[in-house]
Amino acid sequence: MAKMRARLIGLLVLMTASLTTTGAPSAAAPSAAAPLPGSLWFDEQAATAFTVDHGRFTDGLGREVVLRGYNVSGETKLEENGGLPFASVADARKSATALRALGGGNSARFLLSWAHAEPARGQVDHAYLAAVTEQIRAFLQAGIRVYPDFHQDLYSRYLFNAGSWYTGDGAPKWAVEAGGYPRESCGICLFWGQNITQNEAVKQAAHDFWHNSGGIQDAFLATARTTMAYLAEHLTASEFAAVAGFDPYNEPHAGSYDSGQTSRTWERDLLWPFYEKFRARMDAAGWQSKPVLVEPNLFWNSNLSFQKQEGGLLDAGTIGPRYVFNTHFYDQKAISGVFMWGKASDGQYAGDFGAVRDRAAGAGTAAVVSEFGHPLTGTVSDKAPTVGKAMYQALDSRLPGATWWSRPQDSGPVLSGTQWQWDIYNGRHHELMNGNPDKVRTAGDAWNDEDLSSVRLDDAGTPVLRQDARLLDRLYPSATAGRALAFTYEDRSRDGSTTLTWNPVPKSLPRVSELVGSGQYGLLLWRSDGGAAPTELHLPASFETARTTVVSDLGTVSGLPSYGADVPIAVAPEPGGTGSRRLLLTAGKADALHYALVTNGATAPSAELLSAARAELAGWAAGRG
């Protein structure tokens, strides 16, 4: 019903737009924002909504949406730009354009600072909110959906002394001073995250927040409501429509458990009630139609058995569509340098990301993996190319490449995700760690020796990627007109000089294999909804328009034509004017099974090869949906 309603509303809007264009202008026309550059007839209505329907994200046309992008950015954790991701709106625009055109992203988890939003208790800094709004606007105007995140790590930087080995971010100075916490110390810690369970100051502060000691949680919720109301008021209606939701609290943990309390009962009795309170503040601030993206205990899905804790919001019941299951995943074994000696391989994280899919399904909602990644420098950075490939593979499908072709019906939903992170200032910081002028941090992310940013600025001030473009700028179904049944993408990304191929076309499809060759390819299997709007796949820059081949039940094309009426397979710009492109597949028949293979491996393939590959794929797809 939700999809049918969305399509009917879309039709009415389009009819109204046609009437007001050809007749007298409507009263609202002077204040209406202009469509984003590159927009087509269906884009404006598609952008009017973002919600959850039957466990999938959907847009204003009822199409199934996948969010892919990055966290913007770890700079918010630092003081050098006053708790903002960027020094200027111009830098925000530069970053947004690069995120779309180089990084292939259509979404950003946008970090906010409680410490800067409420520097004195009960006094919200509206100048900070105004700056946040303008920087968010830069991303929205580039066609990027945004979901803000009040970020914290280790509760607050103000828990740490000037000479400390570590630092934090999140809570304001007044909140720390009111707590009267002990002098922080992690003891023998090899990683900053050990402070979560070993540093008494961090543990006590987190415990106080969840128990609302001194009304600290109430103060945070009040600031969150003011922040959301400000954004709703100061963004245009079309800009606000592209705000996907809100992430209330990064990586929650109890700090310490009360007597008789377990990680699961802590989630039930303290974490979930907090999310219900946050949901109420969202509604009061005008965000009723947007989901809240809620994170469970951060250790619920750790892949280290001694670190894992029971959780995943198991007692919250059915939480969709007003709540989204939002989680992180890092390979702690790989990061440790001890518990995983080799590199990641095909299907490495199929089980870990499968657990995310299963937990979201059990909660009756959609899922997003709002952080994942791996260090790009340091002793374990040699694992980054394979860890990254394996994580993106697991977002695309719950199956390893070795078995995908034989049972695509078990692929599961394509997961949304935002990689950590996208910081254009990487390696060019000037951060006084904990305010200490003798500890100026410039390298990497300038925060607790992390270095995970996928982007940096070169000496000319131009954003450039720090990871293989073939890994980051990916083919993915950004909007499916119907229901995606299976998807896979062989990116052919590299580990040094080695090209990684984990999902070769099987020998049982020799002409498809010949067509793909050594090129990149993706394959989408979907069941259409009968709507007029097309299915969209983000088209990486490596898929040149003239060299991209599509083999589908909708037809075969080598060299993509521009989108137009009665062109079932076509290319068009993505809205926002960044130069990024999308593949558009129009299948008007309702409840029909469709397939589309997209590759850049073929150079002027013959009509015979295209026909033979199509016949093989048709036989393979039959009965799969």
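**Exercise 1.** How do the residues of the lining of the largest cavity divide into nonpolar, polar and charged?

*Solution.* The model is predicted: local features need pLDDT of at least 70 and side-chain atom pairs count only at pLDDT 80 or more, while totals for chains, interfaces and linings use all residues. Residues are numbered from 1 along each chain as its sequence is written, and side-chain values use heavy atoms, with hydrogens and water left out.

Step 1. On a 1 Å grid over the protein atoms alone, a cavity is a set of points where a 1.4 Å probe fits but cannot get out, whereas a pocket is an open set with protein on both sides within 12 Å along at least five of seven lines; a lining residue has an atom within 4 Å of a point. Grid points are joined across faces, edges and corners, and a volume is the space filled by probe spheres set on the points.

Step 2. The largest cavity has a volume of about 130 Å³. Its lining holds 13 residues, with Gln-152, Leu-154, Ile-196, Glu-251 and His-253 nearest the centre.

Step 3. Ala, Val, Leu, Ile, Met, Phe, Trp, Tyr, Cys and Pro count as nonpolar, Asp, Glu, Lys and Arg as charged, and the others, Gly among them, as polar. The lining of the largest cavity then divides into eight nonpolar, three polar and two charged residues.

**Exercise 2.** Describe the second largest pocket by volume, lining and class.

*Solution.* Step 1. The second largest pocket contains about 1,300 Å³ of space. Of the 50 residues that line this pocket, Phe-191, Trp-192, Gly-193, Gln-332 and Ile-335 lie nearest its centre.

Step 2. Helices (H or I, at least four residues) and strands (E, at least two) are DSSP runs, numbered from the N terminus. The elements giving two or more residues to the lining of the second largest pocket are α7 (195–198), β8 (323–329) and α12. Of these, β8 gives the most, with four residues.

Step 3. By class, the lining of the second largest pocket has 21 nonpolar, 21 polar and eight charged residues.

**Exercise 3.** Is Ala-47 buried, partly exposed or exposed?

*Solution.* Step 1. Ala-47 is in the loop between α2 (43–46) and β1 (50–53).

Step 2. Buried means under 20% relative accessible area, exposed over 50%, and partly exposed in between (1.4 Å probe, protein chains only). Ala-47 has a relative accessible area of 29%, so Ala-47 is partly exposed.

Step 3. From C-alpha to C-alpha, Ala-47 and Gly-143 are 9.4 Å apart in space, and they are 96 residues apart in sequence.
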